[in-house]
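User: I am new to this structure and would like a careful tour of it. Please begin with how to read the record annotation and the numbering.

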Amino acid sequence: MTAKIAYDEVEVGTELPAQSFPVTRATLVRYAGASGDFNPIHWNEKFAVEVGLPDVIAHGMFTMAEAIRVVTDWAGDPAAVVEYGVRFTKPVVVPNDDQGALIEVSAKVAAKLDDRKVRVDITAMSAGQKVLGMSRAVVELA
């Protein structure tokens, strides 16, 4: 597979379609099973509060994976992402209710690089707070 977006058709400042990703406690349990990360801060409210967290929090790698979906959906091929990195700045707090939390993700092309590559800067927010910092991906385009 290859990216469906042509390098020559992209400009610095191009905004990728924003997306929102709901997260519930059930989502976290499924992710824990898939990842093998059963740390109780991701499913046990009593434990999370005892260690100083406001409530159960989403896995950092889960949050990171949800954020990059904006880029992979835009590019049309997950393999087009050749670099990806973030800093975890705030946790995604997931209350035990019918709503859970929402991760809101936007992104834009920040730089055109050599070899048909672009750098995409990603913003991930939850409950009005930026949850990922320095979130950037390098994408190889068609």
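Analyst: UniProt positions are given here in the numbering used for this structure, with feature names shortened, and such annotations may be inferred rather than shown by experiment. This is a predicted model, in which local features need pLDDT of at least 70 and side-chain atom pairs count only at pLDDT 80 or more, while totals for chains, interfaces and linings use all residues. Residues are numbered from 1 along each chain as its sequence is written, and side-chain values use heavy atoms, with hydrogens and water left out. With that in mind, the unreviewed UniProt entry annotates residues 13-119 as "domain: MaoC-like".

User: What pattern does the protein follow, read along the sequence?

Analyst: Helices (H or I, at least four residues) and strands (E, at least two) are taken as DSSP runs and numbered from the N terminus. On that basis the protein has three helices and six strands. Read along the sequence, they follow the pattern β-α-α-α-β-β-β-β-β.

User: How far apart do the end C-alpha atoms of residues 13-119 lie?

Analyst: These residues form the span that carries the UniProt annotation, and the span is 31% helix and 30% strand. The C-alpha atoms at its ends lie apart by 11 Å.

User: What percentage of the 142 residues of the protein count as buried?

Analyst: The C-alpha atoms of the protein fill a box of roughly 50 × 30 × 25 Å along the principal axes. A residue is called buried under 20% relative accessible area, exposed over 50% and partly exposed in between, using a 1.4 Å probe and protein chains only. Of the 142 residues, the share that counts as buried is 39%.

User: Which element gives the largest share of the lining of the largest pocket?

Analyst: On a 1 Å grid over the protein atoms alone, a pocket is an open set of points where a 1.4 Å probe fits, with protein on both sides within 12 Å along at least five of seven lines, and lining residues have an atom within 4 Å of a point. The lining consists of Glu-15, Ser-106, Ala-107, Lys-108, Asp-121, Ile-122, Thr-123, Lys-130, Gly-133, Met-134, Ser-135 and Arg-136. Two or more of these residues come from each of β3 (101-112), β4 (117-126) and β6 (132-140). The largest share, four residues, comes from β6.

User: Is Ser-135 buried or exposed?

Analyst: Ser-135 is found in strand β6. Leaving aside neighbours within four places in sequence, Ser-135 is in contact with Tyr-84, Gly-85, Val-86, Val-120, Asp-121 and Ile-122. Because its relative accessible area is 4%, Ser-135 is buried.

User: What is the phi of Ala-127?

Analyst: Most residues other than glycine have a negative phi. Ala-127 lies in the loop between β4 and β5 (129-130), and it counts as exposed because its relative accessibility is 78%. Its phi is positive, although Ala-127 is not a glycine, with a value near 55 degrees.

User: How far apart in space are Phe-47 and Lys-117, C-alpha to C-alpha?

Analyst: Phe-47 has its place in helix α2, residues 45-50, and is partly exposed, with a relative accessible area of 31%. Phe-47 and Lys-117 are 70 residues apart in sequence, and their C-alpha atoms are apart in space by 44 Å.

Note on methods
Contact = heavy atoms within 4.5 Å.
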